[in-house]
Amino acid sequence: MVEVDTSVNLSGLHLDNPVIPASGTFGYGNEYKDFYDINILGSFSFKGTTREPRFGNPTPRIAECTEGMINAVGLQNPGIDAVIAEELPRLRTFFHKPVIANISGFSIEEYAYCCERIDKEEQVGIIEVNVSCPNVRHGGMSFGTSPEAAAEVTRAVKAVTTKPVYIKLSPNVTDIVAIARACEEAGADGICLINTLLGMRIDVRRRKPVIANVMGGFSGAAVFPVAVRMVYQVSKACSVPVMGCGGVRSARDVIEMMMAGATAVQVGAENLRNPYASKQIVEALPVEMERLGIERLSDIIGIVG
Amino acid sequence: MYKNDIYEIRSNEPLTATVWRMVLAGDTQWITAPGQFVNIALEGRYLRRPISVCDWDAGTLTLIYKVVGDGTEQMSRMRPGEHLDLLTGLGNGFRTAVDTQRPLLVGGGVGVPPLYNLARQLLAQGRKVTVVLGFNTADEIFYADEFRALGAEVLVATADGSCGTRGFVTDVLTQCRPDYDYFYACGPLPMLRALCEATPVSGQLSFEERMGCGFGGCMGCSCKTKYGNKRICKEGPVLEKEEIIW
């Protein structure tokens, strides 16, 4: 077997492989370390973190769909203070690679405040700014659905950190390219996409929405083609790297998303149905590469014209 | 720790019109407490189905489940010899190391199964166990004889009065006045709440919530307690009476 190279370079960060569990599906790493040694991952993106602790939305928060699921968790997290005081020190004991810090907020000031705090954390390799959560009002997605607002968040965050800043975008927009470009022009070091698609299910027996919050974010295998398309569009239009996310469940999906233009690939909902999913994808990557005649994974980034 | 493994179906049979019992063979070493659950992957279904463990031994586990939707309907069609992918050892389960000599176990409908192994363990520890089972009708009753065979005293309530005390499990408490000093309960939310209001003693209650992953990864099943936010799948499904915010 030929020795294949799965490593990628993400804004100066060397990753052993491009596989990154997506924010909101991997907590702060702790739940998964009971299943496997998570150091096998390229990195992971921790749970969307806000200034204040948040309980999130009422339950039920989950609805099953064909080849996917809807969640309306609503940014439940312990708040930036507890993440810095408790989660990151604990993470250091079992994860020895740079982590991606997913930061959410309800105002420009909150984004900037949290990023400034997390900037001082050595283990944070990249800050991923979530302007695309569909499950909270007056925040999250509202910043990611207009080029001006997304650019404003980007500028505010870039002003307070020296770490690479990736803006995580919502697919629930008419022109993803315009928003990605606005972020790039405002100084974003990269773009992450896609967050979940706004969706809804109805319990036809009860004649009520399944989700207490009525609507939620649809993710899972079914959204993969949408994600590939948006990664393709954005990576062609922007010169900064793209982290692809959405419906990835296999090493072959990782390769497909990289061919579309992704430098690294996030795995989301699949972790929830199979807690070993990300590990299995990492392990399958060299086999799949050999099968497809790929020696160096970074060679295929955006290879589809 | 958790175990993800493939289990072989030994038997799968109806106990009532809608409640089925499935016995699976495989590794049970990660099931450490009564009231824990397994999360079952089903062909063609995106999310796993969490089902509480009724009983287990070194090489088999027994699940009792109610057919409530497409997933459980699919389970009911599976035959002995077929295989299922399970995550086991999920949830905290009931604590038996508590100061009780006369525990009362209260189950409502499909909340009854996790109490079975609990009763077995409590009886093995020399406790005097009384079990109160609540169902809608006599047709829906299951496992009353199995609890009796373990050596527990069994009291039944049916909503329509077709067997035992007419009414709810709380009516059994007021009419039969069982002698108990602690309680364990699993069942529908209104039952759990009514029980907590009806009894002066302390106890543990197992809750149900729609789950994404079953192991704490998605925060889909969170609830607020007096001791902070908890995930029903991870810090639950069993909560102490004293910490519950109704």
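At what angle do helix α4 and helix α5 of chain A pack, and how far apart are their axes?

Guide: The model is a predicted one. Within it, helix α4 of chain A covers residues 176-185, and helix α5 of chain A covers residues 224-237. The two helices pack at an angle of about 45°, and their axes are 9 Å apart. Angles under 35 degrees count as roughly parallel and those from 65 to 115 as roughly perpendicular, so α4(A) is oblique to α5(A). The crossing in which α4(A) passes α5(A) is right-handed.

The residues that form this contact can be named on both sides. From α4(A) come A:Ile176, A:Val177, A:Ala180 and A:Arg181, and from α5(A) come A:Met230, A:Gln233, A:Val234 and A:Ala237. By class, the contact of α4(A) with α5(A) has six nonpolar residues, one polar residue and one charged residue.

The chain that holds this pair may be described next. Chain A contains eight helices and 15 strands. Its C-alpha trace spans about 55 × 50 × 40 Å along the principal axes. For 305 residues, a compact globule would have a radius of gyration near 19 Å, and the 18 Å of chain A agrees with that. Of those 305 residues, 58% count as buried. Among the contacts in chain A with a separation of 6 or more, 72% are accounted for by residues 24 or more positions apart.

A:Pro286 lies in helix α8 of chain A, which covers residues 277-291. In sequence, A:Pro286 and A:Asp5 are 281 residues apart, but in space they are 7.8 Å apart, C-alpha to C-alpha. Leaving aside residues up to four places away in sequence, A:Pro286 touches A:Val4 and A:Thr6.

In all, 27 residues of chain A are in contact with 23 residues of chain B. On the side of chain B that touches chain A, 11 residues are nonpolar, seven are polar and five are charged.

Chain B itself has five helices and 15 strands. Its radius of gyration is 17 Å, close to the 18 Å that the globule rule gives for 246 residues, so chain B is as compact as a globular protein of that length. Taken along the principal axes, the C-alpha atoms of chain B fill a box of roughly 45 × 40 × 35 Å. Of the 246 residues in chain B, 48% are buried. Residues 24 or more positions apart provide 61% of the contacts in chain B with a separation of 6 or more.

Just after α2(B), B:Gly126 adopts a positive phi of about 85°.

How values were computed: Residues numbered from 1 in each chain as written. Chains lettered and ligands numbered in written order. Predicted model: local features only at pLDDT ≥ 70, side-chain atom pairs only at ≥ 80, totals over all residues. Axes fitted to C-alpha atoms, helices over the stretch in contact; angles between N-to-C directions. Helix = DSSP H or I, 4+ residues; strand = E, 2+ residues; numbered from the N terminus. Parallel < 35°, antiparallel > 145°, perpendicular 65-115°, else oblique. Left-handed = near helix turned anticlockwise from the far one by under 90°. Contact = placed C-beta atoms within 7 Å. Nonpolar A, V, L, I, M, F, W, Y, C, P; charged D, E, K, R; others polar. Rg over C-alpha atoms; globule rule 2.2 N^0.38 Å. Buried ≥ 20, exposed ≤ 12 C-beta atoms within 10 Å, placed from the backbone.
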